[in-house]
Amino acid sequence: MDLFSSDKTEFHLPQAELIYIPHFYNPLEANKLFKKLKETCVWQQDTITIFGKTHLQPRLTALYANNEKSYSCSNITMLPKKFTPDLQEMKVAIEKVAHTDFTSVLLNRYRSGSDSNGWHADNEKELGKKPIIASLSFGAPRYFHFKHRTLKNEKHKLLLESGSLLIMAGQMQEYWLHQIPKTKKEIGERINLTFRKII
Ligand SMILES: O=C(O)CCC(=O)C(=O)O
Ligand SMILES: [Fe+2]
């Protein structure tokens, strides 16, 4: 890795560990991976039921894993496909900087500024206590909002650029919520990958 790609910011937050590496992949690599993922992943759009009303999820998703365990989040149960060689290569590279191993990757594809991901924490039981989640972004930059559940002054945002890696660790999923809000800006597509250990 060159000096440029090892640039990183560690955020000092109460009850969370958050590290941002803006250039985990350089723009050329990021662009190539974005196109490949968009074309080769098996994308689905699930329906969600909120207060008895059924809606299409405001984004496309895909799940890959090295086991057969299903994963349930936002009332949707997803069955994984086997890791592709590209996803496996990214997983190995990220495991080295995150100092952990992952079993699964959940992909979210935001087709435009009107696709989004509402306030939530990745606190499903099968992720265990203090999960380490590594979030890789490609394509249009989008704001990642995060706020503490009880400390009302702790509300922040971070622009996730193409090729960047964000590592969430410590008690972040217990004490904080995060979201990708909609934007009215005319922006292109974005693909995000969250590497997780599902046990
Ligand atoms: O798209 C992102 O950056 C976040 C995705 C996310 O929070 C999730 O999949 O749980
Ligand atoms: Fe999340």
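Student: How many residues of the shell around ligand 1 are nonpolar, polar and charged?

Tutor: In this predicted model, the shell divides into 4 nonpolar, 6 polar and 1 charged. Ala, Val, Leu, Ile, Met, Phe, Trp, Tyr, Cys and Pro count as nonpolar, Asp, Glu, Lys and Arg as charged, and the others, Gly among them, as polar. Residues are numbered from 1 along each chain as its sequence is written, and chains are lettered from A and ligands numbered from 1 in the order in which they are written. Local features need pLDDT of at least 70, side-chain atom pairs count only at pLDDT 80 or more, and totals for chains, interfaces and linings use all residues.

Student: Which residues are around ligand 1?

Tutor: A residue is near a molecule if its C-beta atom, placed from the backbone, lies within 6 Å of it. The residues around ligand 1 include D122, H178, N192 and T194. Two or more shell residues come from each of β9 (104–110), β15 (176–180) and β16 (190–196); strands are DSSP runs of E, at least two residues, numbered from the N terminus.

Student: What is the order of the open sheet of 4 strands?

Tutor: Strands of a sheet pair through backbone hydrogen bonds, either parallel or antiparallel. Here the order is β10-β15-β12-β13, with antiparallel pairing; two strands pair if DSSP finds at least two bridges between them. β10 (117–120) and β13 (155–160) are the edge strands, each pairing on one side only. Strand β12 (residues 142–148) and β13 are joined over 6 bridges, and F146 stands opposite H156 in β13.
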